[in-house]
Amino acid sequence: MPQSHARRRELQAEQTRRDIVQAARRLFVARGYARTSMADIAREAGVAIQTIYASVGPKQSFLRELNQLIDQEAGVAEIVEALAATGDPHEKLRLAVRATRQVVERAGDLVSAVHAGAGTDPEMAAILEEGRRRHREGMEDLARGLETAGALREGMTAERAAQTIAVLSSNEVYFQLTRQFGMAFDEAEVWILSTLGPLVLVPSPPRRGL
């Protein structure tokens, strides 16, 4: 059955919104948030300014979109599902480290733009802090689950485990390892995991030979 006219209009509106958000993304990366005007976004997206207000809202509305866009590009929802599905503490830690890797690997240009703008733009600073808060809270949830499962090494509290995981799996550490030290993402991920595992988890039992 052919799509109804209303449904076609709905799909067109959704596509227009995506196009506008992607246009804003490109400009924020190239120029920064503060130096990008609504007129700039309209020209980049090929729409009228009024269309932006109707579809997304005022310029501040794009700030709410940034963390969501980063999560979408990084596939964070799929990582969260995988975390909920596994009971293996080492796999949970691997997935947590992989989540940040995918953020930096797939949306690093946008994350860098947020970091760069945060020093001078209070609105971008708020977006950066929101991202950091969500990262900390995610690691706190992970650490509490590891503690409940008896997976934390002796003397390691859930609070300290959360702090340790949050720091070593942060965007900043991935940026330093890959951009300053020249590691490939695979190498950086292995380094973070091999550092984190012994710090927070009960050692895995040695494998027996066949």
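Me: What am I looking at, and how are residues numbered?
Reply: A predicted model, where local features need pLDDT of at least 70, side-chain atom pairs count only at pLDDT 80 or more, and totals for chains, interfaces and linings use all residues. Residues are numbered from 1 along each chain as its sequence is written, and side-chain values use heavy atoms, with hydrogens and water left out.

Me: How many helices and strands does the protein chain have?
Reply: There are 10 helices and 0 strands. The pattern along the sequence is α-α-α-α-α-α-α-α-α-α. Both are DSSP runs numbered from the N terminus: helices are H or I with at least four residues, strands are E with at least two.

Me: What box do the C-alpha atoms fill?
Reply: Roughly 65 × 50 × 30 Å, taken along the principal axes.

Me: What share of the protein chain is buried?
Reply: Buried residues make up 40% of the 210 residues. Buried means under 20% relative accessible area, exposed means over 50%, and partly exposed is in between (1.4 Å probe, protein chains only).

Me: And contacts between residues at least 6 apart in sequence: what percentage join residues at least 24 apart?
Reply: 66% of them. Contact means heavy atoms within 4.5 Å.

Me: How does the lining divide by residue type?
Reply: 18 nonpolar, 11 polar and 8 charged. Ala, Val, Leu, Ile, Met, Phe, Trp, Tyr, Cys and Pro count as nonpolar; Asp, Glu, Lys and Arg as charged; the others, Gly among them, as polar.

Me: Stay on H7. Is Ile127 buried or exposed?
Reply: Ile127 lies in H7 and counts as buried because its relative accessibility is 10%. Beyond its neighbours within four places in sequence, Ile127 is in contact with Leu63, Arg64, Leu66, Asn67 and Val114.

Me: What about Glu140?
Reply: Glu140 is also in H7 (residues 122–148). Glu140 counts as partly exposed because its relative accessibility is 35%. Its C-alpha is 41 Å from that of Ala39, 101 residues apart along the chain.

Me: Where does H4 bend?
Reply: At Asn67, by about 25 degrees. The bend is the angle between axes fitted to the seven residues ending there and the seven starting there. H4 has 14 residues and reaches 21 Å from first C-alpha to last, close to the 20 Å expected at 1.5 Å a residue. That expected span is 1.5 Å times one less than the number of residues.

Me: Which residues of H4 are buried, and what covers them?
Reply: Ser61, Phe62, Leu63, Glu65, Leu66, Asn67, Leu69, Ile70 and Ala74 are buried. The cover includes H1 (5–31), H2 (38–45), H3 (49–55), H5, H6 and H7.

Me: What comes just after H4?
Reply: Gly75, with a positive phi of about 70 degrees.
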